[in-house]
2 protein chains.
Amino acid sequence: MPERFAYLGPQGTFTEAAMRAFPGSAQAEHLPYATVPAALDALRRGDVDLAVVALENSVEGSVPTTLDELATGEPVQIVGEVHLPVSFALLVRPGMSLADVKTVASHPHAQPQCRRWLAEHVPDAEWRAATSNAEAAQHVADGLYDAALAGSFAAARYGLEVLAEDIHDVADAVTRFIALRRPCEPPAPTGTDRTTVVAFIGEDHPGALLEILTEFSMRGINLTLIQSRPTGAGLGSYLFWMDFEGHVADARVGEALMGLRRVCADVRFVGSYARADRVRPDIRRGTHDADFTEAAAWLESVRTGCS
Amino acid sequence: MPERFAYLGPQGTFTEAAMRAFPGSAQAEHLPYATVPAALDALRRGDVDLAVVALENSVEGSVPTTLDELATGEPVQIVGEVHLPVSFALLVRPGMSLADVKTVASHPHAQPQCRRWLAEHVPDAEWRAATSNAEAAQHVADGLYDAALAGSFAAARYGLEVLAEDIHDVADAVTRFIALRRPCEPPAPTGTDRTTVVAFIGEDHPGALLEILTEFSMRGINLTLIQSRPTGAGLGSYLFWMDFEGHVADARVGEALMGLRRVCADVRFVGSYARADRVRPDIRRGTHDADFTEAAAWLESVRTGCS
């Protein structure tokens with residue numbers, strides 16, 4: 001039986017394009033869901049085997065719904081990531097020209113990323129919100145609006161034409177998508193891995209963040225993302241979402257995570273997975289796995305008097 | 001066969017008094033040695049089973065010879081400590097009075113600790129150096145000098161009288177003596193222990209000391225003594241002598257020592273032993289043995305996907 005992959009739909013979204021980049025996608029059944037929570041609940045229930053959602057965008061920042069679901073919802077685990085260049089196109093019904101465009105529809109995240117181009121080329125067009133760029137394309141196909149901001153790959157699916165490509169203002173904008181499974185043994189280390197954890201500060205105290213950061217810095221572990229969020233459990237109760245270099249199987253990462261576990265109210269392991277950008281960490285003096293192994297053997301010899 | 005205990009002699013020194021305070025001393029044979037290195041060499045050769053030497057004095061500071069011998073000589077291990085109040089007496093031949101005292105002999109460490117009393121009571125007496133206070137007492141008995149600064153317990157041994165007691169200037173001055181054995185399994189933890197290590201900085205680099213101190217501070221371990229010393233192996237090569245709260249069997253101490261081992265050129269374990277002052281450490285949130293055990297179990301569950 002083929003695996004079932006969930007994604008934030010409808011068909012033609014950037015998330016679908018990201019899902020198609022994950023290993024096993026070609027053999028899998030693809031199921032669109034209307035919202036991030038809906039896709040994750042399908043995964044939790046066992047209706048699907050894997051779900052792909054957006055985590056952060058280099059222009060818009062992190063996606064709060066995704067962070068909150070993974071931090072405090074019923075646990076699911078990140079098993080991979082894909083970085084997709086953000087490249088918007090203006091899609092219209094066949095035969096339309098720029099002069100015909102009076103309304104432009106898109107997901108609310110898309111509009112600010114194309115603001116300059118829109119102001120220059122269709123200054124009088126009004127913007128309309130859609131729940132996804134693909135839905136905006138559907139509305140254009142239905143004749144409800146004149147144009148949609150979406151990936152050019154969505155044009156064919158909705159019978160539209162690409163009137164202009166690469167219309168986003170910021171070059172090199174990237175969206176980071178993650179693939180999730182139910183809690184499982186993490187994928188094997190590749191040497192270029194990333195790990196995500198959520199640390200809960202039960203009661204705020206002076207130096208709480210410094211305490212957490214020190215667990216990483218003294219073992220030479222670089223953070224790639226840190227986000228604080230309220231937990232919703234009252235004032236002073238908050239959490240840190242942290243992405244950092246390395247795999248939970250690495251000795252330095254293991255010791256740092258045990259340190260977090262000891263000093264935080266709670267720690268949730270969200271996943272260790274291959275980095276999409278394949279950046280290799282610079283492992284500092286004294287923090288290689290072999291250094292930890294040697295130090296543990298030395299300590300044992302000291303404790304037993306067999307040095 | 002009784003054990004053989006070495007001490008810095010001759011008979012009647014503070015070191016002998018300290019040695020007599022160590023468990024097993026009453027049943028042991030006592031052997032005085034003329035210098036700290038001589039006592040330690042006797043221990044290393046196996047001529048004696050235990051050696052007692054002074055490590056630091058609350059007035060005069062640490063004893064460089066002892067530090068250097070333990071840091072860079074052939075390894076021996078601290079198995080206990082004794083704190084002895086420094087309490088000097090003025091010893092004279094029977095029948096002598098203050099007016100008869102024209103010369104006062106002592107170990108060079110003793111004279112500055114009684115300076116004020118001497119200036120007030122025997123302002124015209126000249127000071128003479130001896131290799132130990134006990135030797136000074138012997139010289140007084142021999143008629144070479146008029147008075148000696150020594151422990152009152154030395155009077156009987158040399159047929160002298162105590163002319164004045166508690167003549168040291170600083171109240172509550174204490175000398176810390178240590179008992180040493182050849183490298184062995186450390187004594188069992190008592191809950192009020194101290195550990196001594198020497199950390200070698202092979203090549204100086206920015207933040208070396210901060211790096212070392214962080215290994216302790218982030219695990220809530222208080223240092224009770226830190227001394228830097230050149231190793232004699234060239235500029236930039238130095239060592240830190242460090243005494244701190246806790247026993248090598250404690251999880252927080254073990255992890256800190258493994259951290260030192262990873263980041264230092266070398267680490268010498270000098271001993272874990274019961275504190276003479278029985279000060280109980282304040283173990284910080286998240287650094288009890290149970291916290292380390294729980295964190296290790298959690299990490300294992302994350303790594304195997306069995307959470």
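My entries below go from the interface to the backbone.

**Ground rules.** I'm working with a predicted model, where local features need pLDDT of at least 70, side-chain atom pairs count only at pLDDT 80 or more, and totals for chains, interfaces and linings use all residues. Residues are numbered from 1 along each chain as its sequence is written, chains are lettered from A and ligands numbered from 1 in the order in which they are written, and side-chain values use heavy atoms, with hydrogens and water left out.

**Interface, extent.** I looked up who touches whom, contact being heavy atoms within 4.5 Å. Chain B brings 36 residues and chain A brings 36 residues. Next I took the buried area (the accessible area, with a 1.4 Å probe, that two parts lose on being put together, summed over both). For chain B and chain A I got about 3300 Å², with carbon and sulfur atoms giving 59% of that. On the chain B side, B:Arg262, B:Trp298 and B:Arg303 supply 23% of what that chain buries against chain A, more than any other three residues.

**Interface, pairings.** I went for salt bridges (a side-chain nitrogen of Lys or Arg within 4 Å of a carboxyl oxygen of Asp or Glu). The count between the two chains is 8. One I noted down pairs A:Glu255 with B:Arg219, closest N and O atoms 3.4 Å apart.

**Interface, elements.** Helices (H or I, at least four residues) and strands (E, at least two) are DSSP runs, numbered from the N terminus. The chain B elements giving two or more residues to the side that touches chain A are H8 (208-217), H9 (251-263), E15 (266-274) and H10 (289-304). H10(B) gives the most, with 10 residues.

**Backbone.** Most residues other than glycine have a negative phi, and most peptide bonds are trans. I found a cis bond from A:Gly9 to A:Pro10, omega near 0 degrees, and another cis bond from B:Gly9 to B:Pro10, omega near 5 degrees. A:Pro10 sits in the loop between E1 (4-8) and H1 (14-19) of chain A. I also logged A:Asp166, whose phi is positive, near 50 degrees.
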